[in-house]
Structure formats: C-alpha cells, structure tokens
Amino acid sequence: QDLAKKNTANRQVVEARRQMLKEWLEWRESMIRMLEEEGAEIELNNGKVHRDHDGEVQEIE
Amino acid sequence: MRPILLSGHERALTQVKYNPDGDLIFSVSKDHVVCAWFSHNGERFGTYHGHQGALWTVDVDPTSTLLATGGADNTMRLWEVNTGELLSTWDFPTAVKRVEFSPDGRQLLCVTEKRSGHLGTVVVFDINPDPKAQQSKEHTLRIVCEDSKATVAGFSYLAEFIIVCHEDGSISQYDAKTGEKLFNTQAHEEDMLITDLQWAPDRTYFITACKDKTSKIVAADSLEVLKTFVTDTPLNSAAITPVKDYVILGGGQAAMDVTTTSARQGKFEARFYHKIFQEEIGRVRGHFGPLNYVAVHPDGTGYCSGGEDGYVRVHHFDKPYFDFMYEVERERAQELSNL
C-alpha cells in the first residue's frame, strides 16, 4: 500500500512538472510573438546588436 | 573545470558583468577601481581609474564600446572600453547605486541613493554611441521615488518600461517615455529590500533577489510573479541562464552572523535552481564571504560571482550541467525530435 501511495505521489509530481513546462512554453511563445509583432530585433537576437561588419572575415597577414 | 580566481581587487566586489560577446568581464569593488578581464583565462584586460569612492555598479553597452559606472563619489561615469578613456561624468547629490543601458544602448539610466534632504531617483540620459561624441549632461527623464527608495532598476524590452525595485519589497513599472507610474506590486515580503534585478535575454521577464530569502521571476509587462525560488539565506543577486532553464542565486548571511568556521571553509555558495520547476538542483562553494553578485555568460557557457571576500570566481560549465534534464524535459525533447 505504501508503495502504491508513493507511486501516486510521484506521478502527481511529474504531472505537475509537465503542466508547469507546458504553461511556461506557451507563455514564452506568446512573448516571442509579441516581440516579432513589435519588430524587436535586438531582443530576438538575445540582446545582441547586429553590426555592419558581422559575418565579414578580416584577413591578417 | 576548476574555477578561475580573479584577485585584482582589494575590497569587496559589488557588481560583475559580462559584455554581450561574453569575452570580457567587468568588475567593480569598494576599492574605487573598475577592472576588465578576459573571461576565458582570467587575464586582466585593463583598469579604469578616476572614481573617488566605493563603486556600486557597472554596465557595458551592447556593442562593448562604452562602459558606465557609478559609485559613492556621487558620480556616474562613461568610459571607452578599449582605451580606458573617461568620456563623461555626471554629478548627483547622492551616491549612484545602479546603472543600466537600454537594449539598444542609446539610453542610460541610473538609480541615486536616498539621503537626508534627497529622495531616491531614477534618472535617464540619451547616449550617443560614438565614443568621440559629446554626451548630453541633461537628463531626458527623472523619476522621484517618494514612497520607497529605489534600489535597482532597468529597461524592459524595446525600452518600453522602466522597472524599479524598492527597499520595501515592492516593484514598480513606469512608462519609459513619460515617466508615468503604471503599476506597483508588493512582490516580496514587506520592508524587505530587493537587492538585484537581472533580465532574461529578450527582456520580457526579469529575476529579483531579496533580503526576504527569495528570488522571483516577474513578467515585465504585467508584473505578474511567475516563479518563486525559496532559500534559507538573504539574497544579494540572481541571474537567469540562457540555453538551460536554470537560475543562479547568490547571497549569504553578513559576516557578523556567521560562525568563523563556515567562512574559513569557503562555504558561501552559488545556488542553482530549475527556472520552471523552482527546485534546487545544485550548489557551488568557494567564496569566503557572501556572494554580492552573480552574472551569467551571455551564451550560457559559464558564470562568475563577485564576493564580499574581494574575489571574482569565473566558472565554465561542464558537460553534466548541459546534460541534466528532468523527465518531462526529456519527454519534450523527444517529442520535438520526432516532429
């Protein structure tokens, strides 16, 4: 009986985590959509500003 | 990997910050000196001399060109990162406790201390990102905190809001253009000072640290408390890790309240919690006094902490840090890979 109780408790913990993860990911998606609609380039680039010379390779002799 | 110890400061660290590329760490301390270090090996990149008092705060602009500092000499200063040249000084009637650039680096805010005859304020300046340009001495916005003094503040996504945390445990949201107060919420226990505010990379939410021994994740637009992390020690700092969904908390009881043995053994710990499940997942020991600040590498590859003991400890995360997953996270990853 103790084992059964423990298993139920564990299942509840896992189910609670599953729910938390789901809610968090949904909220994050809504925030990213909002940033896209607002054209928040820096925010969507992890706070980094695109620079003109990004991606160019400078050769040093 | 063993941590790298940066031992260039003679007094307690007050703030440490990575630049957006993560190759540099800036540190400020009560010893009046600003230091810059290479994050991968801990070599010193340079120092910035000029402040006449304890330093409380530092921030670097998004292009790593300009550095802002503030301290007990009642000034905020702007430096050129590469040359160490002092570009501009702003004077205030009281100490500058926090500086922060806006996401695009074109605005800079500072939090000034409350002292007899002076209320605490948050003051905003426009910044010209060109280091050769003359910076305006006139503020564009000044928020006076009449109810409770401001301790830390920052710009939300798109510099839409200024979020201000207070010594009474409350958080306010201001319109960053007009300075109008939009919202106030008692997020932490009453009369418990909020010690830190750090942003998620996209600045839609932030994390607080508080003397009430908790840290909270709060949405920038609604000020809704989304997550709470409960510890057994007053907190000085909290940071959000990118890549993995963790947060790192730093704090500790003040020296007089701690047995000498625990200090001698370097028992002051950085605490790792799972950001979504709010459970503690690990601790890192090392400092010989409370952790005054924790900062995370912008790519999520490591973190550094500044201690009351005068040291900065730089940690690079090992593989198990990245591999660790809760069952439901593994499930989710599996689902995504099946798509």
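A nonpolar core is a set of buried Ala, Val, Leu, Ile, Met, Phe, Trp, Tyr and Cys residues joined through side-chain atoms within 4.5 Å. In this predicted model, the largest such core holds 40 residues. The members that touch the most other members are B:Ile163, B:Ile171, B:Phe206, B:Ile207, B:Val247 and B:Leu249.

From chain A, helix H1 (2-38) supplies at least two residues, as does each of six strands of chain B: E15 (161-166), E18 (194-199), E19 (205-210), E20 (214-219), E22 (235-240) and E23 (246-251). The largest share, seven residues, comes from H1(A).

B:Val247 can be followed in detail. Leaving aside residues up to four places away in sequence, B:Val247 touches B:Ile207, B:Ile217, B:Phe229, B:Ala239 and B:Ile240, and also B:Arg271, B:Phe272, B:Tyr273 and B:Lys275. Another core lies apart from the 40-residue one. This other core has 15 residues, including B:Val122, B:Leu141, B:Ala159 and B:Ala176.

We turn now to a sheet in chain B. Four strands form an open sheet in the order E6-E7-E8-E9, and their pairing is antiparallel. Strands E6 (55-60) and E9 (86-91) of chain B are the edges, each pairing on one side only. On average, neighbouring strands of the sheet are turned by 15 degrees against each other, direction ignored. At one of the edges, E9(B) is joined by five bridges to strand E8 (residues 75-80) of chain B, and the two run antiparallel. Within this pair, B:Leu78 has B:Ser88 in E9(B) as its bridge partner.

Conventions. Residues numbered from 1 in each chain as written. Chains lettered and ligands numbered in written order. Predicted model: local features only at pLDDT ≥ 70, side-chain atom pairs only at ≥ 80, totals over all residues. Heavy atoms only, no water. Buried < 20%, exposed > 50% of the residue type's maximum accessible area, 1.4 Å probe, protein only. Contact = heavy atoms within 4.5 Å. Pairing = 2+ DSSP bridges. Axes fitted to C-alpha atoms, helices over the stretch in contact; angles between N-to-C directions.
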